[in-house]
Amino acid sequence: MTKPTAFVAGATGYTGREVVRLLAQSGVDTIAHIRPNSSRLDEYTPRFESYGAQVDTTPWDENEMCECMSELQPDIVFCLIGTTRARKQAADNPNNNTYHAVDFKLTELLVHACQQAEIQPRFVYISAIGVGPNATTSYMKARWMAERSVVESQLPYTVVRPAFISGPGRGESRPGERVAAAVGDAVLEALGALGAKKLRDRYASMTNTELAEHLVALALSPDAANTVVDAYDLRHRD
């Protein structure tokens, strides 16, 4: 049986790096995408290569990404991109459209590249809990637009909406998120003990490794095609 090939956009992110590791460990031909001007290129290239993954540095340009998709012919495309903490702070400025430019437009670019290359990979997109048509924040709006781009693309897709992703090994210090996750998990655990187990399982945090394990399993599962799943669904998959 031919091994599948997976392309991971957002490979240096907190979840992306674990997806790369687990894919390679599973015997999948893995291509980790890193921006050519990324400050992490020199750090992560040898790390990913030590896993057995290939590193790709195609610029975020639609024509060049289309050529990349045409050449690589991936069976699975992971879109795990997102803004950094610094970019998120900048996006608080109403005149700044960082969420739109990164979270939505780069996802759309990758979708278009697959379409123009005339390939049909499983497109695995990581979104966020609470994303929907009535989103009000700029972040949630951008994620909803990205989801629609994926779902309406005619590509087989899997959209995942986790809650907090927390744990050790983050490249950025996010004490606020860690505290919120810890407090939220404690409250949710108490509610779960009182019977609200579905609520707990939908909103409790996950580590990057836990989420990556779910993403890889979903990507390799024929049954997960054309589905939108949240943390509850992940925790209760057969």
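I took buried to mean under 20% relative accessible area, exposed over 50%, and partly exposed in between, with a 1.4 Å probe and protein chains only. The model is predicted, so I kept in mind that local features need pLDDT of at least 70 and side-chain atom pairs pLDDT 80 or more, while totals for chains, interfaces and linings use all residues. Residues are numbered from 1 along each chain as its sequence is written, and side-chain values use heavy atoms, without hydrogens and water.

Aromatic pairs. I found 3 of them, a pair being rings of Phe, Tyr or Trp (its six-membered ring) with centres within 6.5 Å, stacked if the planes are under 30 degrees apart, edge-to-face if over 60 and tilted otherwise. Tyr44 and Phe48 form a tilted pair, because their centres are 5.4 Å apart and their planes meet at 35°. Both lie in helix H2 (residues 41-51), 4 residues apart, and so about one helical turn from each other; helices here are DSSP runs of H or I, at least four residues, numbered from the N terminus. Tyr44 is buried at 3% relative accessibility, and Phe48 is buried at 0%.

I next looked up Tyr99 and Tyr139, whose rings pair edge-to-face, 5.4 Å centre to centre with 65° between the planes. This pair joins helix H5 to helix H6 (residues 138-151) across 40 residues. Tyr99 is buried at 9%, whereas Tyr139, at 22%, is partly exposed.

Helix H5. I noted a kink of about 35° centred on Lys105, the bend being the angle between axes fitted to the seven residues ending at a residue and the seven starting there.

Note on methods: Helices (H or I, at least four residues) and strands (E, at least two) are DSSP runs, numbered from the N terminus.
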